[in-house]
Amino acid sequence: MTVTPQTNTTLPKIAEALKERDNFVICGHVSPDGDCLGSALGLAWALRQLGKQVTCVLARDEEPPSDLRFLPGADALVAAVRYEGPCDCFIAVDVPTVERLGDGAALQDKAALTVTIDHHAVPQAMNDLSYTDPDSASTTLLVWELAKCLQVAGDRLVATCCYTGLMTDTGRFQHGNADAAAFKGAWEMVLAGANPGEVARDFYQNRTLASVELEERTVAHMSLRADGEAALSWLSLADFADCGAVKADAEPMIDLLRSLRGVRVACMLREQDGEVRGSFRAKDDTDVAAIAGEFGGGGHRAAAGFTIHDSLEGAVARVAARLGIEAPKLPEA
């Protein structure tokens, strides 16, 4: 593992510090994905094995993604803005900056001890204890190592949550980050009780009809660069309303674009209230985190995100220009 310069401790030392605390609040980033919620819930189950009081909070006051509600403990998630309990120790997982903590930042400010466990590289640490390894395939892989330091990695609930984050962040072990350490961790999680078939079925084979209808619109809106190596598509608020869809229904769309033969870089834009959320994916060694950084975002070389505070039409035009794609004409509202 290759830790970043802002890392100021080790996982065994974090484990020792956690053993000395009693009440924990764990929070991930806004718009949580499988690795985010898997890390939070997996660590929560690990700490509960030690008799600790743990609450997992959501960075925004919203429902958790529907495709992740199968995770053990997901039904007990609380919006950070509504949490009023004790917080002796605040743990940020899969989130490198205060901005991405959303409402969780206020809880972090109140905690006596703050901890970061992450695999997103940023210039500086935001917490008292910080461990960041960008070479780790997922943050849940780091949580799994921490669970081993706490001597609770044999728990089935911990293993299920950690396996979910590892499976989703490696794209079912198809991405370039699916290295030997990822497969070793998956093997250990399965031995501890994670069921790969059940997790895959619950996450990947549980799409709504609305999601399939969004896929049709994604294909209809798609634009390709002349050489076929870049793909761009978008979904408007009207698309979501017409299909009766929610944000989680759009998650498969970026991988749909990346799956096209010849495409090296894919970008999916999703209109939100007053802004546009974008996701980049790369199929080769293209650094999409650097491209996302040009729009104020970031992430990993092969997967990154960003937000543009502009109209959907303006965002589509800007991203299309960056990718060398002729800007598509959006239908009039």
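Predicted model: local features only at pLDDT ≥ 70, side-chain atom pairs only at ≥ 80, totals over all residues.

I began with Leu214, and listed what it touches beyond four places in sequence: Leu235, Asp239, Phe240, Cys243, Ala245, Asp249, Ala250 and Met253. Leu214 sits in helix 8 (residues 209–221). I looked up its accessibility and got 0% relative, so Leu214 counts as buried, the cut-off being under 20%. I also checked one C-alpha pair: Leu214 and Leu235 are 21 residues apart along the chain, and the atoms are separated by 7.8 Å.

Next, the helix pair. How do helix 5 and helix 7 pack? I found an angle of about 60 degrees between helix 5 (residues 156–169) and helix 7 (residues 196–204), with the axes 10 Å apart. That angle makes helix 5 oblique to helix 7. The crossing is right-handed. On the helix 5 side I noted Thr160, Tyr163, Thr164, Met167 and Thr168, which meet Pro196, Val199, Ala200, Phe203 and Tyr204 of helix 7. I sorted the residues of this contact by type and got seven nonpolar, three polar and no charged.

Last, helix 12. I tested its length: twelve residues (312–323) at 1.5 Å a residue should span 16 Å, and the end C-alpha atoms are 16 Å apart, so the two agree. Its buried residues are Leu312, Gly314, Ala315, Val316, Val319, Ala320 and Leu323. I then looked for what covers them, and the cover includes strand 8 (230–235), strand 9 (265–272), strand 10 (275–282) and strand 12 (303–308). After helix 12 comes Gly324, with a positive phi near 75 degrees.

Methods
Residues numbered from 1 in each chain as written. Heavy atoms only, no water. Helix = DSSP H or I, 4+ residues; strand = E, 2+ residues; numbered from the N terminus. Expected span 1.5 Å × (residues − 1). Buried < 20%, exposed > 50% of the residue type's maximum accessible area, 1.4 Å probe, protein only. Contact = heavy atoms within 4.5 Å. Axes fitted to C-alpha atoms, helices over the stretch in contact; angles between N-to-C directions. Parallel < 35°, antiparallel > 145°, perpendicular 65-115°, else oblique. Left-handed = near helix turned anticlockwise from the far one by under 90°. Nonpolar A, V, L, I, M, F, W, Y, C, P; charged D, E, K, R; others polar.
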